[in-house]
Amino acid sequence: SGELQTQAKLPQGIGAPPGFAAASGPLYLPGDHTNLFVLDRTTLAAREVLYLGHPAGAVAVPPAVLRGYVIVAENGPADFCRLHVLKANTEGTSLAAVQQSLRWRGRAITPFSISGSRAALVTDGGAVTVIEIDPAEAAAPCKIIGKTAPAYTEPTAAWPLLIQDDLWVADRRMTRYRVEAARQQLPRGWVREEGGPFLSAPLKTTAGVTAVNRSAAGPHTVFTSYGLDFATASVARQTHLAGEFVGPLEADGGGVRAASADGVIWRLAAGKPAEVLAGPPQGQSPRWAGGAAIPAGGAWYHTAPPSTEYYVYRPGTVPPLAAVTLPLPADSLAAPPIAWGKLVVVPSRSGPAFVCDAATGKAVVAPFQPPLAIGEEVPWLKPSVHAGKNHLMLAHANGNAFRPAPLAGQPPQLNVEAEADCGKRLVAGPLVLGDAFAVLLRGEAADELVWFGIEDFAERARKPLSAGAVWGPFVVSDPLRVAVVNGAPD
């Protein structure tokens, strides 16, 4: 419905999503810098603010909450990460540091995987670490019970899945480890090369573990269901779907639910043929460009511009897949919509960027409107969202990038919180990369990539390309890639 249920007004931006215990207790929300906010789970009222002292953008993943302790991963200015170990009282407050922070190489860019009193973290340098909380050791309750040395020569997103003593790590390959806490080792069971990068964390199902990666052999997506045998890389089923995986990947009984770009939602389970859960309404042939989960259940999938329709999938409804028309005139969509929490941001050629309820398509706040000359159109580029901070990033080809402030006011509206004038025509972007975002600028003879800080919008770096770009940039789990008109990818 888009109706506001509750909100918290903080004196600074958000660094990462909150961490919390599964059953009860408060939310632990990292501020963009300095502070860790402790919020009531129901009312979002501030119960405590802890001075953590981290610089802007240093906390990029949610804290892990384990047996009354809160673990915060802070990225350093150099290539390292350290963990703050904080003890809470029985109500989850009165946080206090209880031991010297743990430190190792690489930066934390993907979330912890938590299993009971243990948590696994993989840095972008490939260092795998498993920690365990033992409350009986009051002076040093957080122990490293297994680790590996950094393994990557370039920053890479790696996704852990920890199931008691069983650890799975997905980057461009799937690696299986056994956690041997007594020896503080992670012996490797097997490694299976998958070619293309994994697109999300592996999922535990009743039949095993399923993961999705981009194929290195062609334009399709590979879903692999792995058996649980530790000694051998057994594959129960591998399904190749034509076209792109448009997400989200969600557990569904003994398998997973996923969607392909041709408008079909699938259930994939080991030992069974791929099952079609829903397809587009009769007579429609959408080309989906992306999607996101709806917190109340289901998912939404958007089509490529200039279409002004998207599709909402809700299991158990009839029909389960329905088209939603956006509040725009036909052919006025300037760029693909993007999920922003429970909302959908819709850029229009006429100028406004509308913010709509994902389930109904109805505008829920006043649209974001950049300054325009009379009769001017806004050539919006594809928006992006910083997953950790929930920052919405907008840019248009005329050369400006914006970060709207969180929803505020009555009625709620979006105002500019940060802006960058890039000085040249933009070809692509903003593309979020850790604590920065990249845009592609058009030059007379060759294009160039420019990086700006996600918080201060200050220019960070420039990378001249060898020619004009014809493809990209995009990020998967390896560094930024751009193809130029007369050469190999930069």
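Biologist: Is Tyr-311 buried or exposed?
Modeller: The model is predicted, with local features requiring pLDDT of at least 70 and side-chain atom pairs pLDDT 80 or more, whereas totals for chains, interfaces and linings use all residues. Residues are numbered from 1 along each chain as its sequence is written, and side-chain values use heavy atoms, leaving out hydrogens and water. On a scale where buried means under 20% relative accessible area, exposed over 50% and partly exposed in between (1.4 Å probe, protein chains only), the 3% of Tyr-311 makes this residue buried.

Biologist: Which class of ring pair do Trp-380 and Phe-402 form?
Modeller: Rings of Phe, Tyr and Trp (its six-membered ring) pair if their centres lie within 6.5 Å, with planes under 30 degrees apart counting as stacked, over 60 as edge-to-face and the rest as tilted. Because the centres of Trp-380 and Phe-402 are 6.3 Å apart and their planes stand at 65°, the pair is edge-to-face.

Biologist: What angle lies between the planes of Trp-288 and Tyr-311?
Modeller: The structure holds seven aromatic pairs, and among them is the one between Trp-288 and Tyr-311, whose centres are 5.8 Å apart. Trp-288 is itself buried, at 2% relative accessibility. The pair is classed as tilted, with an angle between the planes of 50°.

Biologist: Over the ring of which residue does the charged end of Arg-103 sit?
Modeller: A charge sits over a ring if NZ of Lys or CZ of Arg is within 6 Å of the ring centre and within 35 degrees of the ring normal. For Arg-103 the distance to the ring centre is 3.7 Å, and the ring belongs to Phe-80.
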